[in-house]
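Trainee: I have a structure open and want to talk through its strands and helices. Can we start with the terms?
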Amino acid sequence: MINKPLKPFSLLIKPVGSRCNLSCNYCFYLGTDEALGKKRPAVMPQAVLEQMCGDYLGYGFPTSVFTWQGGEPTLAGLGFYRKVVEAQMSNGHDGQAVANALQTNGIQIDTEWADFLARYRFLVGVSLDGPAEVHDHYRLNRKGLPSFDKVIKAIGHLRDAGVEFNILCMITDLSQDLGKKIYRFLVSKGFTHLQFIPCVEYDPATGKPAPQNVTPAGYGRFLCDIFDEWYYNNDINHISVRTFDAVVGKLAGARELSLCNFGERCDHYLVVEKDGGVFPCDFFVEEKYELGNLMDTPLAELFLSDRERSFSELKGSYPDLCPGCHHLDICLGGCPKDRLTTGGGKFGRPTYLCTGLKAFFDHARDKLQALADSVRQRRIPAASASALVAVGSNAGVPSRNDPCPCGSGKKYKHCCMNR
């Protein structure tokens with residue numbers, strides 16, 4: 001019995017766990033299967049899929065968001081996703097809004113995959129780190145061979161089929177000084193929805209930052225460089241950069257955030273592993289953080305559990321340096337996993353990216369604030385302040401072809417999305 005108010009949350013699902021057909025040097029999820037130390041299925045069983053869909057769709061959220069990640073989620077096979085759609089249709093209610101997102105390296109995407117993804121309106125996030133010489137530095141297959149050409153071919157299939165997609169680009173030690181080059185490359189390819197993700201991993205043996213990490217200063221330079229390209233080349237109206245969108249949305253008073261690291265609490269989604277195990281965040285898929293299993297306990301009970309509440313409140317346990325920072329209202333301490341101290345897993349230090357974030361906010365905050373003020377002056381609803389359609393977006397954020405929330409009667413892509 002659920003006696004507490006239940007706010008909408010999304011699901012981040014790992015249908016094959018950490019299994020992948022690439023061996024990217026910086027991947028934080030590789031080895032998760034072994035670390036969990038359980039005998040688990042290779043692919044999420046039908047019983048788990050049905051239980052998850054029936055349970056989650058039963059809550060009747062305004063939009064029920066299923067985000068499929070890995071490892072490499074396409075390794076579950078196209079037949080698995082046909083069963084996903086069937087399970088959603090059989091467990092959903094008439095008129096219920098369901099959104100599916102798939103984050104992929106693109107290696108397995110062919111015309112059949114693309115046609116399926118287009119037919120059922122999956123939003124696809126494709127990992128592409130920049131031009132070939134950058135992308136292929138870390139994103140190699142298990143034989144050590146490059147993957148760039150296959151990714152570009154996959155993107156061609158998605159475009160031909162009319163699939164909505166965006167680009168997920170990792171910022172590393174190699175790319176941190178190539179911001180302008182990488183940004184202009186992606187824009188030259190016609191990509192209009194970009195997400196730049198800082199590589200922040202730790203050596204499990206020493207607890208020290210991994211050598212492929214972006215440095216804190218390098219992260220700041222990268223963000224400043226791509227911001228200047230985006231802002232001064234007048235890309236604001238047709239290129240969506242998720243970090244910039246999130247900051248503008250927050251400064252404009254958005255109720256829903258597209259980036260959880262800018263939120264006050266870590267309570268935006270639940271991670272579902274292939275055996276039905278549920279975790280509060282995919283950076284914390286470890287036995288000590290497991291909330292339970294959906295085959296034994298309803299998702300809502302796990303989301304409202306004391307264990308989940310304790311985890312979500314870690315976000316507000318600010319290090320001593322944070323309260324005096326004039327950017328705390330945006331950053332809110334950053335992602336908790338980037339605030340872990342070595343030895344003991346305590347959340348006692350500022351985010352690893354602190355100096356970089358400060359440099360970026362010092363550089364761009366006034367301009368981002370002006371954009372947010374413009375959003376408010378035009379009375380655009382805060383939830384639609386920007387084109388927040390990246391993989392993992394929160395429930396309620398419209399797709400490009402949905403009616404615009406401002407009430408104009410136009411499609412979102414022809415109205416507030418580009419403002």
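Mentor: Two strands pair if DSSP finds at least two bridges between them. Strands (E, at least two residues) and helices (H or I, at least four) are DSSP runs, numbered from the N terminus.

Trainee: Anything about the source before we go on?

Mentor: This is a predicted model, in which local features need pLDDT of at least 70 and side-chain atom pairs count only at pLDDT 80 or more, while totals for chains, interfaces and linings use all residues. Residues are numbered from 1 along each chain as its sequence is written, and side-chain values use heavy atoms, with hydrogens and water left out.

Trainee: OK. In S8, what is the bridge partner of Leu 12?

Mentor: Val 271. Strand S1 (residues 10-14) and strand S8 (residues 269-273) pair in the parallel sense over five bridges.

Trainee: And what does S1 do with S2?

Mentor: S1 and S2 also pair in the parallel sense, over three bridges. There, Ile 13 has Trp 68 of S2 as its bridge partner.

Trainee: Is S1 mostly covered or open?

Mentor: Mostly covered: five of its five residues are buried, with buried meaning under 20% relative accessible area (1.4 Å probe, protein chains only). Ser 10, Leu 12 and Lys 14 point one way from S1, and Leu 11 and Ile 13 point the other way.

Trainee: What is the strand order in the open sheet?

Mentor: The ten strands run S7-S6-S5-S4-S3-S2-S1-S8-S9-S10, with mixed pairing. S7 (240-241) and S10 (292-293) are at the edges; each has a single partner strand, so one side of each is left without a neighbour in the sheet.

Trainee: Which helix packs on the sheet?

Mentor: Helix H3 (residues 78-91) does, touching S2 (64-68) and S3 (98-104); contact means heavy atoms within 4.5 Å. The direction of H3 makes about 170° with that of S2, where angles run from 0 to 180 degrees between N-to-C directions and axes are lines fitted to C-alpha atoms, for helices over the stretch in contact.

Trainee: Switching to helices. How do H7 and H8 cross?

Mentor: The axes of H7 (residues 179-188) and H8 (residues 216-232) come within 8 Å and cross at roughly 45°. That makes H7 oblique to H8, since angles under 35 degrees count as roughly parallel, over 145 as roughly antiparallel, 65 to 115 as roughly perpendicular and the rest as oblique.

Trainee: Which residues make the contact?

Mentor: Gly 179, Lys 180, Ile 182, Tyr 183 and Arg 184 from H7, with Phe 222, Asp 225, Ile 226, Glu 229 and Trp 230 from H8.

Conventions:
Buried means under 20% relative accessible area, exposed over 50%, partly exposed in between (1.4 Å probe, protein chains only).
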